[in-house]
Amino acid sequence: MAAQPKDEGGVGLTRTLSLTAAIAAACGGFLLFLQYGASDGLDIIDVLRSALIFASTFWLAWGAAQAIAGLTSRPLARPRTTGPISTRTAILVPVYNEDPVATFARIAAMEASLRQTGFGDLFHFAILSDTRDDRIAAKERHWFLRLLAETGAEGRMFYRRRQNNKGRKAGNIEDFINTSGAAYPFAIILDADSLMEGETMVELVRRMEAAPDLGLLQTLPVIIHAKSRFGRVMQFAGAFYSPIFARGLAMMQGKTGPFWGHNAIVRVRAFAESCGMPALSGKPPFGGHILSHDYVEAALLARAGWTVRVDDDIQGSYEEGPENIVDHAKRDRRWCQGNLQHARLLLAPGLRMWSRFVFLQGILAYIAPVFWLAFLGASILAPLFAAPIDYFPIKDWPFPVLPVSQASKALGLAVGVVGLLFVPKILIVIDAALRGRARAFAGGARALQSTLVELLFSSITAPIFLMYQTRSVLQVLRGADGGWPAQTRGDGSLTLAQAWSASHWMVTNGVIGLGLANWFAPALVPWLLPVALPLVLAPVIISWSSRQSQSRLFLTPTERHPSAVINLQHLILTRWQGKETPVEPDLPGPAVMNA
Amino acid sequence: MTDLSDQAQFDIEANIAERVELLGALPRAPMAMPLQRLEMPRRVGLLAMLMHLRPASTSRVGH
């Protein structure tokens with residue numbers, strides 16, 4: 001079980017401390033900038049910029065508080081149960097125009113891994129196809145028969161394709177429950193790119209059986225199979241930082257934990273009774289089907305009195321991530337619309353206060369970059385609104401009064417902002433080195449190098465993500481629906497021409513921004529360069545980062561020592577693709593370890 | 001004896017689809033999933049009521 005304070009008072013204390021720290025940091029940023037801005041006379045633009053700094057700093061500080069909370073605790077040493085389980089569980093694999101060979105190879109690997117636990121018969125796989133492309137659907141049927149033939153899992157492995165994909169993924173799951181829900185007390189919900197050790201799935205069932213009030217148990221999936229520079233940096237960041245952030249989150253959430261849509265187990269009756277998802281009134285993007293249904297389902301389960309929990313000590317839960325910045329941005333566009341749509345649910349009846357706060361956090365995550373950009377824009381234009389300096393403010397005083405420079409305030413603020421971004425990650429490295437966690441990342445020195453390069457990489461790419469997120473927010477606000485694009489998986493390398501077509505507008509904005517700054521506020525140019533230069537170079541950065549990584553940095557535990565199910569999947573996939581099989585399968589290792 | 005005029009037997013895709021439907025059919029065990037209430041019913045606020053006020057209608061009959 002995750003390191004959660006047992007009593008609601010402890011949860012309340014963690015929330016209060018974190019919130020107080022974030023608000024204090026935001027107020028500090030606000031006051032510092034107000035003093036800096038007021039040095040040449042206070043005007044409306046100064047107040048506006050200070051307010052934007054308040055909101056942006058609050059968001060950064062809130063993330064830092066989460067990490068620091070996570071660093072203050074360890075997963076509880078929970079006695080391991082290894083006894084039998086008795087509950088039949090469905091493993092749901094929703095697919096939507098995915099590559100069937102890769103997806104079904106994962107299923108075959110998980111099925112074999114489950115059989116090795118001795119509880120394979122209790123787990124049934126349901127492949128829930130929402131695929132619209134008939135050619136891909138034909139391949140799905142073909143590979144399903146092969147899957148059946150190879151696994152011999154007839155009667156435990158099902159495939160159905162919906163005629164219409166009403167309600168998208170949430171509707172797909174709902175359709176399964178309407179058809180077969182009563183046959184399964186539990187359901188493990190996966191994504192097409194999810195992979196789980198058999199022992200991990202058994203452990204999920206054990207924990208559900210042990211806690212009758214537990215409605216949903218979320219694992220922390222680790223990104224695997226990243227090949228590109230961008231993908232491997234994300235993979236490292238996910239494996240190295242995320243457990244700490246997740247533990248901090250676990251300490252604050254109490255019984256109102258998150259659901260990230262996949263790699264989680266649900267109590268089917270609880271889910272069915274609580275999570276029937278209505279379409280919202282009005283048209284997309286704010287009305288219609290709820291896009292980010294997972295957050296809402298977690299909130300609805302909590303509303304109905306069920307516990308929703310994330311257990312960060314469960315290992316052997318994997319997913320794949322985008323291999324380049326453009327694919328990441330496409331996925332983020334969908335998430336952006338889904339999170340902004342939650343504005344409609346902030347006042348939904350009966351929700352727990354924390355659930356409402358989670359919705360607000362999701363909205364802030366996408367609005368914060370807009371605040372930063374607005375701050376930069378306002379700073380460029382600020383000189384236009386500044387009153388001329390009055391060197392003789394005192395009547396009849398013959399000597400000029402020179403304004404006192406407040407540049408140190410701006411510098412202090414910049415240091416504070418950078419600190420909020422960097423310090424939590426540095427603390428995580430120190431913690432990992434001290435507690436021995438860094439060994440799995442090829443040692444403390446390699447983990448430190450990887451972290452420093454990751455900090456540099458994320459600083460360079462941050463302005464690019466800032467622009468993509470701002471564009472997404474503006475698109476949603478003006479009513480553009482992003483639809484439901486299939487996720488791009490696989491190699492993902494981009495040529496310079498492809499990167500240019502996805503980011504030329506950023507180059508234009510970067511050049512214009514620098515030009516305006518040089519014209520209106522030349523003193524601002526050096527401050528603006530860390531943001532503007534990556535924009536001007538965006539196509540090069542996007543293309544370069546999408547190429548195959550040869551670096552010995554960013555090693556993760558699963559990359560160094562792939563677990564049994566990863567090896568099995570590799571073995572099956574290479575065989576199905578007609579390639580050689582360089583990896584021999586191992587027996588599944590222990591899926592759950594106490595860190 | 002094979003009936004060569006029966007084209008359906010050569011339609012591999014149709015055969016595969018039939019087999020998938022037969023072997024892959026989900027177990028029938030329906031469970032209801034009632035829709036949850038997420039939106040507050042729209043209330044008519046005081047301002048909206050004032051906006052919708054109309055002068056009392058008067059009869060056109062007479063002078």
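1. Axes are lines fitted to C-alpha atoms, for helices over the stretch in contact; angles run from 0 to 180 degrees between N-to-C directions. Helices (H or I, at least four residues) and strands (E, at least two) are DSSP runs, numbered from the N terminus.

2. This is a predicted model: local features need pLDDT of at least 70, side-chain atom pairs count only at pLDDT 80 or more, and totals for chains, interfaces and linings use all residues. Residues are numbered from 1 along each chain as its sequence is written, while chains are lettered from A and ligands numbered from 1 in the order in which they are written.

3. Which residues join H12(A) to H15(A)? Ile380(A), Leu381(A), Pro383(A) and Leu384(A) of H12(A) meet Gly513(A), Leu516(A), Ala517(A) and Phe520(A) of H15(A). Contact requires C-beta atoms, placed from the backbone, within 7 Å. By class, seven of these residues are nonpolar, one is polar and none is charged. Ala, Val, Leu, Ile, Met, Phe, Trp, Tyr, Cys and Pro count as nonpolar, Asp, Glu, Lys and Arg as charged, and the others, Gly among them, as polar.

4. H7(A), residues 229–240, packs on H14(A), residues 444–477. The angle is about 120°, with the axes 11 Å apart. The two helices are therefore oblique to each other. Val233(A), Phe236(A), Ala237(A) and Phe240(A) of H7(A) touch Ala447(A), Ser450(A), Glu454(A) and Phe457(A) of H14(A). That contact has six nonpolar residues, one polar and one charged.

5. Chain A also holds an open sheet of three strands, ordered S5-S10-S7, with mixed pairing. Strands pair if DSSP finds at least two bridges between them. S5 (195–196) and S7 (222–223) of chain A are edge strands with a single partner each, so one side of each has no neighbour in the sheet. S7(A) and S10(A), residues 317–319, pair in the parallel sense over two bridges. Val222(A) sits opposite Tyr318(A).

6. Where chains A and B touch, chain A gives 32 residues and chain B 23. Elements giving two or more residues on the chain A side are H4 (134–151), S3 (157–161), H5 (168–180) and H9 (268–274). H4(A) gives the most, six residues. The chain A side has 20 nonpolar, eight polar and four charged residues.

Conventions
Angles under 35 degrees count as roughly parallel, over 145 as roughly antiparallel, 65 to 115 as roughly perpendicular and the rest as oblique. Two residues are in contact if their C-beta atoms, placed from the backbone, lie within 7 Å.
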